[in-house]
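Reader: I would like to go through this structure feature by feature. Please give the general idea each time, then the case at hand.

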Amino acid sequence: MRITKRIQSVDFLRGLTIMLMILVNTPGDWSYVYTPLLHAEWNGLTLADFVFPFFLFIVGISISFVYKHKKADRAIYKKILIRSLKLIALGLFINVFLPYFPFIETESIRLPGVLQRIGIIFCVASILYLNCNRKQLVFIAVTILVGYWIWLAYIPLPDGTSPTLERGPNNWANYLDYVLLKGYIWKPDYDPEGILSTLPAIVTTITGIFVGEVLVSTAKRKLGLLTVMGGGFMIIGYLWSIFFPINKVLWSSSFVLVTSGYATMFLVLFHYFMDHKKHDFGSLVKYVGANAISIYFSSMILAKSFYLIKIDSQTSVHQFLFETFFVYPSIDKPLSSFFYALVVVGFYTLLAYFLYKKKIFIKV
């Protein structure tokens, strides 16, 4: 079976996720951001925390579409590896890029990142999908989630110290990032896209693979099956969170299941109206999804440039634009900050519209 007709709900969810990602990443002022648009400081779940797992979930769906009937041979592995390396390279470029001479950051370079994690997980999940059947994938997913919980919660650190799930040097994820990537991570003691937390993030993509398999199957009650899957993920995740709290930084096992459950439920909703009932809406959102990586990459580069380029000794381009066009005495600062982010999202939506109409699809 070859997928000849795009599943509109998947394109819509992908585009919506990228738009939310830009909204979260580009407030007018980081000191004035509505709480749902900030990541949970440690344990907990906010709107912002759904963005990255949703995207990895969609990566899994795409893997199931593209590689469903592909043969695991050298040519396929080469394509997977090249794409993964491109994603990693783009992520590293965002981290080292400077909008002025010498154009490359040479002092403090962050090695992990969003695109780096996507590249690594895409490679691992694709290879697993090509070589494992459904039962084997379930076994791998369960083993990773349970093993990760046991590792973080019960295995003593090298010095014999009891591990903790709180932020600090006695947390295994923080410990490994600090030891192996010291000086090259986002915070002095941890990175939200660190080494150990990449393991459960792979399972987020595997859950997307399972959902993608259902979407392209000939099963009669797809929506019912997907609803059961999504509800099952959420119930198990919330129950597990009693012992292993929902935590994006750690990408806890409960976080994996709860966010995958929500992603599945949203997909069910969109799939019912867009693919089952054939309601055509959200074209602009789907245009963003058609060039998801390029839109995200562009937004990160431009945002970084606006922060680093100075109009004078103290005012950046970003600060100038925000304070000149969005800050008014009659408007609360958080609302002004939110409006700025909305305008940025609107700009990239128009860019996506232009690319789509010109039939320009930048594939990585």
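Author: What follows goes from the whole chain to single residues.
This is a predicted model, in which local features need pLDDT of at least 70 and side-chain atom pairs count only at pLDDT 80 or more, while totals for chains, interfaces and linings use all residues. Residues are numbered from 1 along each chain as its sequence is written, and side-chain values use heavy atoms, with hydrogens and water left out.

Reader: How many helices and strands does the protein have?

Author: Helices (H or I, at least four residues) and strands (E, at least two) are DSSP runs, numbered from the N terminus. By that rule the protein has 13 helices and 0 strands. From the N terminus on, the order of elements is α-α-α-α-α-α-α-α-α-α-α-α-α.

Reader: What radius of gyration does the protein have, and what would a compact globule have?

Author: The radius of gyration is taken over C-alpha atoms, and the globule rule is 2.2 Å times the number of residues to the power 0.38. For 364 residues a compact globule would come out near 21 Å; the protein has 21 Å, so the two agree. The C-alpha trace spans about 60 × 60 × 45 Å along its principal axes.

Reader: What percentage of the residues count as buried?

Author: Buried means under 20% relative accessible area, exposed over 50%, and partly exposed in between (1.4 Å probe, protein chains only). Of the 364 residues, 50% count as buried. As for total surface, accessible areas come from the Shrake-Rupley method with a 1.4 Å probe, and for residues only the protein chains shown count as cover. The protein exposes about 18,300 Å², with 66% of it supplied by carbon and sulfur atoms.

Reader: Which share of the contacts joins residues at least 24 apart?

Author: A contact means heavy atoms within 4.5 Å. Taking contacts between residues at least 6 apart in sequence, 72% join residues at least 24 apart.

Reader: Which residues of helix 10 are buried, and what do they pack against?

Author: Helix 10 covers residues 283-290, and its buried residues are Val285, Lys286, Tyr287, Val288 and Gly289. They pack against helix 1 (8-25), helix 9 (253-276), helix 11 (292-308) and helix 13 (333-357). Lys286 counts as buried because its relative accessibility is 10%. Not counting residues up to four places away in sequence, Lys286 touches Gln8, Asp11, Phe12, Met274, Asp280 and Phe281.

Reader: Where is Ile7, and is this residue buried or exposed?

Author: Ile7 sits in the segment before helix 1. Its relative accessible area is 13%, so Ile7 is buried. Leaving aside neighbours within four places in sequence, Ile7 is in contact with Phe65, Leu215, Val216, His271 and Asp275.

Reader: Where is Val33, and which residues is Val33 in contact with?

Author: Val33 belongs to the loop between helix 1 and helix 2 (51-66). Val33 counts as buried because its relative accessibility is 17%. Neighbours within four places in sequence aside, its contacts are Pro27, Leu38 and Ser337. The C-alpha atoms of Val33 and Ser336 are separated by 9.4 Å, although these residues are 303 residues apart along the chain.

Reader: How many disulfides does a search of the whole structure find?

Author: A disulfide is a covalent bond between the sulfur atoms of two cysteines. Here it is taken as a pair of cysteine sulfur atoms within 2.5 Å. The search finds 0 disulfides. Cys123 is in none, and the nearest cysteine sulfur, that of Cys132, is 14 Å away. Cys123 has a relative accessible area of 18% and is therefore buried.

Reader: Which peptide bond is cis, and which residues other than glycine have a positive phi?

Author: Most residues other than glycine have a negative phi, and most peptide bonds are trans. The peptide bond from Phe101 to Pro102 is cis, with omega near 10°. Pro102 lies in the loop between helix 3 (74-96) and helix 4 (114-131). Lys278 has a positive phi, near 65°, and is found in the loop between helix 9 and helix 10. Lys359 also has a positive phi, near 55°, and is found in the segment after helix 13. Lys278 counts as exposed because its relative accessibility is 55%; Lys359 counts as exposed because its value is 67%.
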